[in-house]
Amino acid sequence: MKLSGRCFCGAVEIEVSGTPEAMGYCHCRSCRSWSGGPVNAFSLWKPDAVRIISGTEHVAMFQKTPLSQRQYCAKCGGHLMTTHPPLGLIDVFAATVPELDFQPGVHVNYAETVLPMRDGLPKLKDFPSEFGGSGETVTE
């Protein structure tokens, strides 16, 4: 499977191939602030499954912490993806790839939520233990 997506103005096009390693929602303050919404829908991919097809010269990056390198289009400010070097994964925002069959499996950083979501999915206080979090769940 190959899917493509674009930034807000279309100057940058990306492609993802295969299937994501995971999909879900992040409720952390950083993702909320970056996305401008109460929750961020993510899809995690191995680095070799994500590539920029065109517009590389317009891709800019902001790194607030060592965990996340947020990439966006310098022309329009449209968000593209976040590379997570310590995890060896790239978060391609679900909205960036409109044809992705988004099937969330988990909520992360739910202890920080401002939008409770009663959808039956596991709600992790922070991150899974495999990613350095507590792995603890919280109740809806």
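Strands β6 and β7 (residues 68–73) pair in the antiparallel sense, over five bridges. A60 sits opposite Y72 of β7. Here two strands count as paired if DSSP finds at least two bridges between them. Strands are DSSP runs of E with at least two residues, helices are runs of H or I with at least four, and numbering starts from the N terminus. In general, strands of a sheet pair through backbone hydrogen bonds, either parallel or antiparallel.

This is a predicted model, in which local features need pLDDT of at least 70, side-chain atom pairs count only at pLDDT 80 or more, and totals for chains, interfaces and linings use all residues. Residues are numbered from 1 along each chain as its sequence is written, and side-chain values use heavy atoms, with hydrogens and water left out.

The β6–β7 pair belongs to an open sheet of seven strands. The order is β6-β7-β8-β9-β4-β3-β10, with mixed pairing. β6 (59–65) and β10 (106–108) are the edge strands; each has a single partner, so one side of each lacks a neighbour in the sheet. On average, neighbouring strands of this sheet are turned by 30° against each other, direction ignored. The axes behind that angle are lines fitted to C-alpha atoms, for helices over the stretch in contact; angles run from 0 to 180 degrees between N-to-C directions.

Strand β1 (residues 2–6) pairs antiparallel with β2 over five bridges, and R6 stands opposite E13 in β2. The two strands form a hairpin with six residues between them. G10, in the turn, has a positive phi of about 90°. β2 also runs antiparallel to strand β5 (residues 50–54), joined by four bridges. I14 has I52 in β5 as its bridge partner. Four of the five residues of β2 (residues 13–17) are buried, so this strand is largely enclosed by the rest of the structure. Buried means under 20% relative accessible area, exposed over 50%, and partly exposed in between, with a 1.4 Å probe and protein chains only.

Now the pockets. A pocket is an open set of points on a 1 Å grid over the protein atoms alone, where a 1.4 Å probe fits, with protein on both sides within 12 Å along at least five of seven lines; lining residues have an atom within 4 Å of a point. Its volume is the space filled by probe spheres set on the points, which are joined across faces, edges and corners.

The largest pocket has a volume of about 460 Å³. Its lining holds 29 residues, with C26, L67, H84, N109 and F127 nearest the centre. β6 gives the most, four residues. Among the elements that supply at least two are β3 (22–26), α1 (29–35) and β9 (89–93). N109 follows β10 in the chain segment after that strand. N109 is buried at 5% relative accessibility. Its phi is near 55°, a positive value in a residue other than glycine. Most residues other than glycine have a negative phi.

The second largest pocket holds about 240 Å³ of space. It is lined by 13 residues, of which N40, H79, F93, A95 and T96 lie nearest its centre. α1 and β4 are the elements that give two or more residues to this lining. N40 lies in β4 (residues 40–45) and is buried, with a relative accessible area of 7%. Leaving aside residues up to four places away in sequence, N40 touches G24, Y25, C26, C31, S35, D91 and F93. Contact means heavy atoms within 4.5 Å.
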